[in-house]
Protein chains: 2
Amino acid sequence: MDDKDLQILKLVQSNARLTADALSLEVGLSPPAIQKRLRKLRDTGVIENEIAVLSPAKLGRELTVIVQVVLERENRMYLDTFKRTMRNAPQVQQCYYTTGEADFVLVMTVKNIKEYEEFTQEYFFDQSNVSRFTTSVVMDRVKVSLDIL
Amino acid sequence: MDDKDLQILKLVQSNARLTADALSLEVGLSPPAIQKRLRKLRDTGVIENEIAVLSPAKLGRELTVIVQVVLERENRMYLDTFKRTMRNAPQVQQCYYTTGEADFVLVMTVKNIKEYEEFTQEYFFDQSNVSRFTTSVVMDRVKVSLDIL
DNA sequence: GGTGAAAACCCCGTCTG
DNA sequence: CAGACGGGGTTTTCACC
């Protein structure tokens with residue numbers, strides 16, 4: 001992991017379609033050298049995966065909400081159950097287990113408020129372990145990235 | 001936008017490296033047909049971009065925090081200034097302008113609590129428009145994706 | 001890490017249902 | 001109009017230096 005690797009990572013974290021050829025011009029290595037580094041970065045898990053970012057608006061998921069969830073009982077089994085449920089819920093983009101007021105913070109995308117209401121019915125009310133939750137409706141997705149460099 | 005497109009999107013949103021050949025087997029179209037659809041999905045903005053997801057842990061960004069920010073004055077100019085600042089701050093992965101208690105919700109990744117403290121000094125205290133903010137430290141990144149299908 | 005050849009993949013015509 | 005085939009060009013891959 002040297003400076004060249006960091007340069008490559010900075011570029012591909014916002015555009016994974018850059019060819020080894022294009023990268024080689026920026027970084028100053030031959031295309032095969034770039035490929036070797038990319039392979040290593042993938043194998044070692046520095047690059048976790050490469051994904052297509054879809055437009056929520058163009059796919060009818062106009063509504064983004066942020067939810068803070070407080071659980072009723074906070075023991076290992078209940079925590080794991082809740083985590084597993086969130087991982088399997090397609091409406092839940094992100095789920096964080098946090099310190100502070102809430103136990104979990106969720107970032108969700110849904111078609112409309114009705115779909116969100118149905119989600120809360122299914123996951124927060126019916127025989128669940130959720131004590132209370134507060135909902136914030138997103139008016140502007142000011143910045144949405146996974147960049148870390 | 002038919003069912004075939006949706007199938008393609010579902011696959012590439014979690015793995016953008018799938019070749020047209022591999023996709024053709026799943027979807028039941030010829031590789032050129034897949035490519036034509038992919039091109040259209042990119043051109044129309046349904047696929048916004050393709051990115052490499054990096055491991056925060058392996059790059060020394062061990063700490064994720066979620067911050068709720070309340071502004072002092074909430075007029076157009078102050079809002080736009082705050083949004084622009086967040087977009088340009090590399091520590092801020094995501095920034096949402098929301099209804100509810102907080103004006104903004106941030107998802108941030110930092111090296112350690114010291115870097116976060118410095119960030120708050122620079123962006124929240126020094127001559128800023130921030131009234132107050134509450135910090136939640138992430139103990140488990142249960143689910144972090146941008147999947148919407 | 002660089003070089004060069006082979007393989008795989010992508011993209012563009014054209015054709016067909 | 002959307003999909004299937006076939007070419008040529010690009011990109012990736014791999015052996016070797």
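Tutor: Let's begin with a cysteine: A:Cys95 is buried, with a relative accessible area of 0% (buried means under 20%, exposed over 50%, partly exposed in between, with a 1.4 Å probe and protein chains only). B:Cys95 is also at 0% and counts as buried. Across all chains, the search finds zero disulfides (pairs of cysteine sulfur atoms within 2.5 Å).

Please keep in mind that this is a predicted model, where local features need pLDDT of at least 70 and side-chain atom pairs count only at pLDDT 80 or more, while totals for chains, interfaces and linings use all residues. Residues are numbered from 1 along each chain as its sequence is written, chains are lettered from A and ligands numbered from 1 in the order written, and side-chain values use heavy atoms, leaving out hydrogens and water.

Of the atoms of DNA strand D that come within 4 Å of the protein, 75% belong to sugar and phosphate. By class, this surface has five nonpolar, three polar and three charged residues (nonpolar: Ala, Val, Leu, Ile, Met, Phe, Trp, Tyr, Cys and Pro; charged: Asp, Glu, Lys and Arg; polar: the others, Gly among them).

Some of these residues make polar contacts, pairs of N or O atoms within 3.5 Å; within protein, one must be able to donate a hydrogen and the other to accept it, and residues adjacent in sequence count only if both atoms are side-chain atoms. B:Ser30 places a polar side-chain atom 2.4 Å from a phosphate oxygen of DNA strand D, and a polar backbone atom of A:Ala20 is 3.0 Å from a phosphate oxygen. B:Lys36 reaches a base instead: a polar atom of its side chain lies 3.3 Å from a base nitrogen. The elements giving two or more residues to this surface are helix H3 (31–43) of chain A and helix H3 (31–43) of chain B (helices are DSSP runs of H or I, at least four residues, and strands are runs of E, at least two, numbered from the N terminus). H3(B) provides the largest share, four residues.

Methods:
A residue is near a molecule or strand if one of its heavy atoms lies within 4 Å of it.
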